[in-house]
Amino acid sequence: MTDLRHTYTVCPHCKRQVVALRGQQNARCVEHGTIVPIRSAIANPPFAPVPRRPAA
Ligand SMILES: [Zn+2]
C-alpha cells in the first residue's frame, strides 16, 4: 500500500512515482518522458492498464 507519510521519488509534473537509479538525476515518467524527479508523497496512482470494454 501507498504510505502517504513516506516520500517517494515522483515526477514533478504529475506526482506519479518514477524510478530513478541511484546517482542518476533523471527519471522517466510514463506521461512526461525524461524528468528530474522530486521527493514527495505520491499524488496520483500509477498508470493502470486500460480496462477492457465489452463490445456494445
Ligand atoms: Zn509525469
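How many helices and how many strands are there in the protein? The protein has 0 helices and 4 strands, where helices (H or I, at least four residues) and strands (E, at least two) are DSSP runs numbered from the N terminus. Read along the sequence, the pattern is β-β-β-β.

This is a predicted model, in which local features need pLDDT of at least 70, side-chain atom pairs count only at pLDDT 80 or more, and totals for chains, interfaces and linings use all residues. Residues are numbered from 1 along each chain as its sequence is written.

The average pLDDT of the protein is 81, and 84% of the residues score at least 70; pLDDT is the predictor's confidence in each residue, from 0 to 100. Confidence is highest in strand E3 (residues 33-35), at a mean of 94, and lowest in E1, at 88. Where pLDDT is low, the predicted coordinates should not be read in detail.

Of the 56 residues, 9% count as buried. A residue is buried if 20 or more other C-beta atoms lie within 10 Å of its own, exposed if 12 or fewer, and partly exposed in between, with C-beta atoms placed from the backbone. Among contacts between residues at least 6 apart in sequence, 45% join residues at least 24 apart; two residues are in contact if their C-beta atoms, placed from the backbone, lie within 7 Å.

**The loop between E1 and E2**

Lys15 is placed in the loop between strand E1 (8-10) and strand E2 (27-29). Its phi is positive, about 60°, although Lys15 is not a glycine. Most residues other than glycine have a negative phi. Lys15 counts as partly exposed because it has 16 C-beta neighbours inside 10 Å.

Cys11 is also found in the loop between E1 and E2. Because 24 other C-beta atoms lie within 10 Å, Cys11 is buried. Not counting residues up to four places away in sequence, Cys11 touches Arg16, Val18, Cys29, His32, Ile35 and Pro37.

Val18 belongs to the loop between E1 and E2. With 22 C-beta neighbours inside 10 Å, Val18 counts as buried. Leaving aside neighbours within four places in sequence, the contacts of Val18 include Thr9, Val10 and Cys11, and also Ala27, Arg28, Cys29 and Pro37.

Is Thr9 buried or partly exposed? Thr9, in strand E1, counts as partly exposed, since it has 14 C-beta neighbours inside 10 Å. Beyond residues up to four places away in sequence, Thr9 touches Gln17, Val18, Ala20, Ala27, Pro37 and Arg39.

Ala41 lies in the segment after strand E4 (38-40). Ala41 is partly exposed, with 14 other C-beta atoms within 10 Å.

**C-alpha distances**

The table gives C-alpha to C-alpha distances for pairs that include the residues described above.

| Pair | Separation in sequence | C-alpha distance |
|---|---|---|
| Cys11 and Val36 | 25 residues | 7.1 Å |
| Val18 and Val30 | 12 residues | 8.4 Å |
| Thr9 and Val19 | 10 residues | 6.8 Å |
| Ala41 and Thr9 | 32 residues | 8.2 Å |
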